[in-house]
Amino acid sequence: MRISFSRGIKIATDSWKLGCDITNSQYFPLVFYSHAHSDHIPRKIPKTNIVCSSITRILVENLVSNFEDGKFHDLYSIGDTTFSQIPSGHIIGSTALIIDSPESKVIYTGDVSIRNKGFIEPFKPEKCDKLIIESTFGSPKYIFPHYDEVIKETQEQIQKYLEEGVPVVLMGYALGKSQMLYHAFSHLSDNIILHESNAKINTLLAEKKVDGAIEATTYQDAKSEGLLEKTNDWIFFTPLRSGRNEFHSSLKNKFNTKLFAFSGWAISPNYKYQMAVDHAIPISDHADFSELIEICEKCNPREIYTVYGPKIQLAAELRKRGFKATPLSKQTLLESFF
Ligand SMILES: [Zn+2]
């Protein structure tokens with residue numbers, strides 16, 4: 001089995017060739033998309049065999065304009081090798097891939113989390129021979145505080161503002177983070193407003209009856225109905241932007257809003273100032289360093305390949321703990337010949 005990285009992860013044997021989260025998917029007879037974040041899917045969906053979850057399929061079919069008729073599969077097999085999926089705990093519809101053959105079991109996590117966020121099913125590590133794992137927060141300095149405690153403290157802070165007549169703006173990626181934020185905070189007010197980018201995904205999820213959609217007013221409707229002036233206990237969900245951007249600063253000037261940014265990077269004390277927000281909340285869709293180590297320990301593979309983010313550092317940390325770990329790069333395959 002040959003595993004390498006170039007515009008995504010390539011895995012090949014003499015009998016099959018697979019591209020995982022690969023942007024030049026058209027060259028692969030079989031591809032796997034772990035989730036619908038734009039850095040994991042190509043601009044053009046190819047006419048090939050595609051393994052992904054049904055929710056990822058809905059998102060891809062609606063969010064990628066350049067679309068050919070790919071053949072979608074929940075499960076695929078070639079000879080005695082099967083390609084199946086389990087939840088990866090990252091965002092709605094995200095999955096990890098399991099490649100099972102008589103010779104070996106390989107798991108590719110995609111973006112992953114094992115924390116219970118009460119909304120999407122966490123990744124459940126399984127024993128395997130080879131593990132390909134993401135490294136976004138793959139450095140010991142990235143340890144997130146307990147999820148439930150962060151949510152509780154933030155709920156209390158939001159409630160306090162709303163009681164004082166101060167509306168709040170909650171920012172996170174429209175796909176993934178926002179559904180997590182709706183789940184945690186939308187019950188705190190009857191006046192929920194969605195930015196158009198959030199509303200587009202929310203409408204799609206509602207139409208397709210996918211869990212994660214909420215009842216809300218779009219910003220345009222709220223503006224034309226004068227909702228923002230009429231009430232002052234609204235919660236406005238928007239994509240993640242700097243507080244210095246014109247849209248957010250004009251909201252602040254007009255309505256005295258408090259701005260919350262939700263991101264794993266908020267564990268850095270500078271993040272709040274970089275983003276010019278009132279509150280920077282360290283909540284991520286990704287595993288932190290301790291989760292990544294826990295996943296590796298529970299999967300207990302013979303070989304680990306690290307991808308994305310500080311993959312060299314994560315591989316070094318794993319080697320310290322006795323694992324055979326290699327950062328996956330274009331060179332990985334070449335090196336194995338020398
Ligand atoms: Zn992602």
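This is a predicted model: local features need pLDDT of at least 70, side-chain atom pairs count only at pLDDT 80 or more; totals for chains, interfaces and linings use all residues.
Let me begin with overall size: the protein has 338 residues, and because a compact globule of that length would have a radius of gyration near 20 Å, the 21 Å found here agrees with that expectation. Along its principal axes, the C-alpha trace spans about 65 × 45 × 30 Å, and buried residues make up 45% of the 338 residues. In terms of secondary structure, the protein holds 11 helices and 21 strands. If we take the contacts between residues at least 6 apart in sequence, 56% of them join residues that are at least 24 apart.

Now to the domains. The protein is divided into domain 1, which covers 2-142 + 286-335, and domain 2, which covers 147-281. The centres of domain 1 and domain 2, taken over C-alpha atoms, are separated by 30 Å. Where the two meet, 14 residues of domain 1 are in contact with 12 residues of domain 2, and on the domain 1 side the touching residues divide into eight nonpolar, four polar and two charged.

Let me turn to the interior. In soluble globular proteins, nonpolar side chains tend to be buried together. In this model the largest nonpolar core has 61 residues, and those with the most contacts inside it are I9, F32, I132 and C296. Which helix gives the most to this core? It is helix α9, residues 289-299, which contributes five residues. This core also draws at least three residues from each of domain 1 and domain 2. A second, separate core has 31 residues, including I193, W234, I235 and F260. Coming back to C296, and not counting residues up to four places away in sequence, we find that C296 touches L131, I133, I304, L318 and F323.

Strand β11, residues 95-100, and strand β12, residues 105-108, run antiparallel and are joined by four bridges; together β11 and β12 form a hairpin with four residues between them. Within this pairing, I98 stands opposite I107 in β12. Strand β12 also pairs with strand β13, residues 130-134, this time in the parallel sense and over three bridges, and there the bridge partner of V106 is K130 in β13.

I will finish with two individual residues. The first topic is I78, which has its place in strand β9, residues 76-78. Is I78 buried or partly exposed? I78 counts as partly exposed, because it has 17 other C-beta atoms within 10 Å, whereas a buried residue would need 20 or more. Leaving aside its neighbours within four places in sequence, I78 is in contact with S15 and W16; I78 and S15 are 63 residues apart in sequence, and yet 8.1 Å apart in space, C-alpha to C-alpha.

The other residue is R241, which is found in the loop between β17 (235-238) and α7 (246-255). With 18 C-beta neighbours inside 10 Å, R241 is therefore counted as partly exposed. Not counting residues up to four places away in sequence, R241 touches M171 and H248, and from C-alpha to C-alpha R241 lies 14 Å from L175, with 66 residues separating the two in sequence.

Technical notes:
Residues are numbered from 1 along each chain as its sequence is written. A nonpolar core is a set of buried Ala, Val, Leu, Ile, Met, Phe, Trp, Tyr and Cys residues joined through C-beta atoms within 7 Å. A residue is buried if 20 or more other C-beta atoms lie within 10 Å of its own, exposed if 12 or fewer, and partly exposed in between; C-beta atoms are placed from the backbone. Helices (H or I, at least four residues) and strands (E, at least two) are DSSP runs, numbered from the N terminus. Domain bounds come from an automatic or database domain assignment. Two residues are in contact if their C-beta atoms, placed from the backbone, lie within 7 Å. Ala, Val, Leu, Ile, Met, Phe, Trp, Tyr, Cys and Pro count as nonpolar, Asp, Glu, Lys and Arg as charged, and the others, Gly among them, as polar. Two strands pair if DSSP finds at least two bridges between them. The radius of gyration is taken over C-alpha atoms; the globule rule is 2.2 Å times the number of residues to the power 0.38.
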